[in-house]
Amino acid sequence: MKVFYFLCLLTFICGQTHSSIPFLTHSVSAERSAQAGASGSFGTNFSFEFNPAFLNDARLMLNQQSWADGIRFYGAAGSFKLGMLSVGLFTKYHSVDGIELRGETPSIENKGEFSNFTAITGVSVSLQVMEKLTLGTTYKYSKDKLWVYERNVSLYDLGFLYQFSNNFAVYGALNNIESVKESTEYATVGARGVLSFISAGFEVQKFDKLYSYHLFLNKEINRFITLSGGYISGRKDRSWSVGLKLSLNAFNLVFSYLPHTYLADYKSIQFGVEL
């Protein structure tokens, strides 16, 4: 499994001129993972990581995910008000240990092991330009290392949020823009609303030339327990997700599970504080 993962990463890093690493589309938020990976997911989920227009109140969140032996993911995010602007900061780190090196041709002989890591740090800013319209932008710096290959790259996101009412909104974003000469590889557009008994949304995601469709749901059982889930169409590697959020005053704990067809399943634990 790790060998396959290594080959995928090597293809992405060496075979592309700009940032095509799937890790860039993986969130530090367990709530986003629980809600079909939708950037417009509900809750204190730091959607601004993929759409800076979602920036709001001051919050703090820490996330740790362990996908399989030797594969780790860590993330943290926070947001606050600065005058008329909303500002958010996030960072995430992904590593794969114990990747076996077997030479240029297929071989059962293990000639050694090495590691891979990707580290990303970003800052987001948003401004409510009209009563119902919020615009935002993100700058992020990515550092990748795989075996002897290294790459450092600056990327940008642009996003909008139009709130028709307290119960319905549409949104969209262009992500991982490397320069004005390159077309974005990752983009989202969606709508979400609050019904009388449940919160629901639908989102379309574009990654490279592939499109996927995400239905996500969120139900607050009481002030302590919230359930969430989602369904994904158009992806061969994943199709559904579930999550549980436990809240007590300003503190919350989120568990999410997103099965993966080829790699290890995403199992995430998130701790959050609303300041």
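Phe271 is partly exposed, with a relative accessible area of 38%. Phe251 is partly exposed as well, at 45%. On this scale buried stands for under 20% relative accessible area, exposed for over 50%, and partly exposed for what lies in between, with a 1.4 Å probe and protein chains only. The model is predicted, so local features need pLDDT of at least 70 and side-chain atom pairs count only at pLDDT 80 or more, whereas totals for chains, interfaces and linings use all residues. Residues are numbered from 1 along each chain as its sequence is written, and side-chain values use heavy atoms, with hydrogens and water left out.

The fold has two helices and 14 strands, where helices (H or I, at least four residues) and strands (E, at least two) are DSSP runs numbered from the N terminus. Of the 275 residues in the protein, 47% are buried. Among contacts (heavy atoms within 4.5 Å) with a separation of 6 or more, 45% join residues 24 or more positions apart.

The aromatic side chains come next. Rings of Phe, Tyr and Trp (its six-membered ring) pair if their centres lie within 6.5 Å; planes under 30 degrees apart count as stacked, over 60 as edge-to-face and the rest as tilted. By this rule there are eleven aromatic pairs. One of them joins Phe54 and Tyr171 edge-to-face, at 5.3 Å centre to centre and 65° between the planes. Phe54 sits in the loop between α2 and β1 while Tyr171 belongs to strand β7, so the pair ties together parts that are 117 residues apart in sequence. Both of these residues, Phe54 and Tyr171, are buried. Phe251 and Phe271 form a stacked pair, with 6.2 Å centre to centre and 25° between the planes. Here the partners come from strand β13 and strand β14 (residues 266-274), so parts 20 residues apart in sequence are tied together. Ring pairs also link Phe50, Tyr186 and Phe207 into a cluster.

Beyond its neighbours within four places in sequence, Ser39 is in contact with Arg32, Ser47, Phe50, Phe54, Tyr171, Thr188, Glu203 and Gln205.

Another loop residue worth a visit is Asp237, found between β11 and β12. At 12% relative accessibility, Asp237 counts as buried. The C-alpha atoms of Asp237 and His260 are 5.5 Å apart, although 23 residues separate the two along the chain. Once neighbours within four places in sequence are set aside, the contacts of Asp237 are Pro259, His260, Thr261 and Tyr262.

Rolling a probe the size of a water molecule over the atoms shows where empty space is left. A cavity is a set of points, on a 1 Å grid over the protein atoms alone, where a 1.4 Å probe fits but cannot get out; lining residues have an atom within 4 Å of a point. Points are joined across faces, edges and corners, and the volume is the space filled by probe spheres set on them. The structure holds one cavity of 30 Å³ or more, and the largest cavity has a volume of about 50 Å³. Its lining consists of Glu31, Gln35, Asn218, Thr226, Ser228, Gly243, Leu244, Lys245 and Val254. Strands β11 (225-233) and β12 (240-248) each supply at least two residues of this lining, and the largest share, three residues, comes from β12. By class, the lining has two nonpolar, five polar and two charged residues, where Ala, Val, Leu, Ile, Met, Phe, Trp, Tyr, Cys and Pro count as nonpolar, Asp, Glu, Lys and Arg as charged, and the others, Gly among them, as polar.

Methods:
1 Å grid on protein atoms, 1.4 Å probe; cavity = no way out; pocket = protein on both sides within 12 Å on 5 of 7 lines; lining within 4 Å.
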